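This report describes selected features of strand pairing and helix packing. The structure is shown below.

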Amino acid sequence: MFNDTSKIILLVEDNPDDVALTLRAFKKNKIMNTVVVAKDGAEALDYLFCTGEYADRDIKDSPQIVLLDLKLPKINGLEVLKKIREDDRTKLLPVIILTSSKEQQDLLDGYSLGANSYIRKPVDFNQFIEAVRQLGLYWLVLNIGPTE
Amino acid sequence: MKLNECQRMLDELNTEMDQLLYAISHDLRSPLRAIDGFSQAVVEDYGDKLDDTGRDYLSRVQNGGKKINAYIDALLLMSRETRGDLRPECVNLSNMVGEINEFLVAKYENHTPKTIVTKNISTTMDRRLAYIMLIRLLDNAWKFTVGRDKPLIEFGTMEQNGKPTCFVRDNGTGFDMQYARGRLFGAFQRMHSKDEFEGLGTGLAAAKRIVSRHGGEIWAESEPNKGTTIFFRMATG
């Protein structure tokens with residue numbers, strides 16, 4: 001199956017351990033796309049809207065998917081999602097919430113704000129790899145995004 | 001202090017505890033994922049550089065992490081199950097016991113205890129919480145009668161200290177009351193080793209929390225190899 005690896009995955013995650021594990025899970029599943037890591041909500045917005053340290057980036061190169069943690073420093077995940085949906089340039093971007101929380105309220109808030117998917121990070125690493133495999137297969141291969 | 005004021009304070013404390021529990025458990029998941037994930041990474045990438053003892057130690061690290069995770073799940077389930085608004089109504093407990101016993105027949109394959117249920121025992125309780133309480137009590141009764149001679153599980157009422165009181169009784173493995181004092185209804189308290197019976201020790205803790213929320217009482221009588229009886233009654237009878 002065809003996966004355009006030139007497409008970027010934006011991973012919004014503040015915990016370096018989770019970043020390393022997620023990158024490992026990508027590698028294990030042969031997902032070779034470039035992964036840009038934003039360590040907090042503000043950096044994620046800078047990347048998406050080409051401001052701050054990403055001022056030189058071309059906003060037309062939008063990432064294929066955004067993997068968004070909820071509990072983030074500076075600006076939390078739900079606030080990031082809200083800003084993505086409010087802006088015409090990013091409102092159609094597929095956003096997948098990837099979080100430890102399975103609290104009902106977080107699920108409701110996430111979907112209300114327009115998340116495309118909500119995935120809970122399992123503690124068991126084998127289950128985590130499997131979750132990333134399915135996520136990659138679905139969102140990078142099967143699903144046809146709005147801008148393709 | 002008036003009784004309903006006490007009840008309100010208890011509810012507030014419970015809510016606060018639930019929030020604390022949620023926050024702690026959320027923050028514990030990430031380091032647990034790191035423990036499991038990086039142990040696994042060492043096994044996969046450097047496993048051939050370790051001897052059997054080294055690999056054994058690593059699998060113990062991973063198992064420890066998985067156990068903590070299971071405990072967190074159990075605590076969260078207990079807190080989620082026992083919270084929510086209290087909407088007391090007249091509930092036919094006998095009918096519920098019948099339904100739950102049918103469900104437990106499916107769960108416990110090859111275990112068919114005799115069940116005796118006194119009909120039409122009712123009390124004033126929140127329906128959902130009553131159901132969860134009875135599941136926890138009956139599941140224990142089923143679990144601790146597995147492999148016993150002529151297993152028997154009863155649900156009925158009797159007078160205790162001059163008040164009508166419900167009970168769930170089994171003739172199962174029982175336990176020594178002298179080891180149970182003060183901890184039987186606590187979270188993660190177990191009366192048997194993990195090799196003998198499965199479970200994390202949250203069943204009676206959840207039942208107790210539900211009974212307390214209704215201003216009721218719950219207590220136990222047990223004897224090794226004779227069985228256990230759990231008594232309970234709500235404040236409003």
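## Strand β7(B) and its partners

B:E221 has B:T229 in β7(B) as its bridge partner. The model is predicted: local features require pLDDT of at least 70 and side-chain atom pairs pLDDT 80 or more, while totals for chains, interfaces and linings use all residues. Residues are numbered from 1 along each chain as its sequence is written, and chains are lettered from A and ligands numbered from 1 in the order in which they are written.

Strand β6 (residues 217-223) of chain B runs antiparallel to β7(B), joined by seven bridges; strands are DSSP runs of E with at least two residues, numbered from the N terminus, and two strands pair if DSSP finds at least two bridges between them. Three residues lie between the strands of this hairpin, where B:N225 adopts a positive phi near 65°. Strand β5 (residues 163-170) of chain B also pairs with β7(B), in the antiparallel sense over five bridges, and B:C166 is opposite B:F232.

Five of the seven residues of β7(B) (residues 227-233) are buried, that is, with 20 or more other C-beta atoms within 10 Å of their own, C-beta atoms being placed from the backbone.

## Packing of α1(B) and α2(B)

Helices α1 (residues 3-46) and α2 (residues 52-82) of chain B pack at an angle of about 160°, their axes 9 Å apart. This makes α1(B) roughly antiparallel to α2(B) (angles over 145 degrees).

Notes
Axes are lines fitted to C-alpha atoms, for helices over the stretch in contact, and angles run from 0 to 180 degrees between N-to-C directions. Helices (H or I, at least four residues) and strands (E, at least two) are DSSP runs, numbered from the N terminus. Angles under 35 degrees count as roughly parallel, over 145 as roughly antiparallel, 65 to 115 as roughly perpendicular and the rest as oblique. A residue is buried if 20 or more other C-beta atoms lie within 10 Å of its own, exposed if 12 or fewer, and partly exposed in between; C-beta atoms are placed from the backbone.
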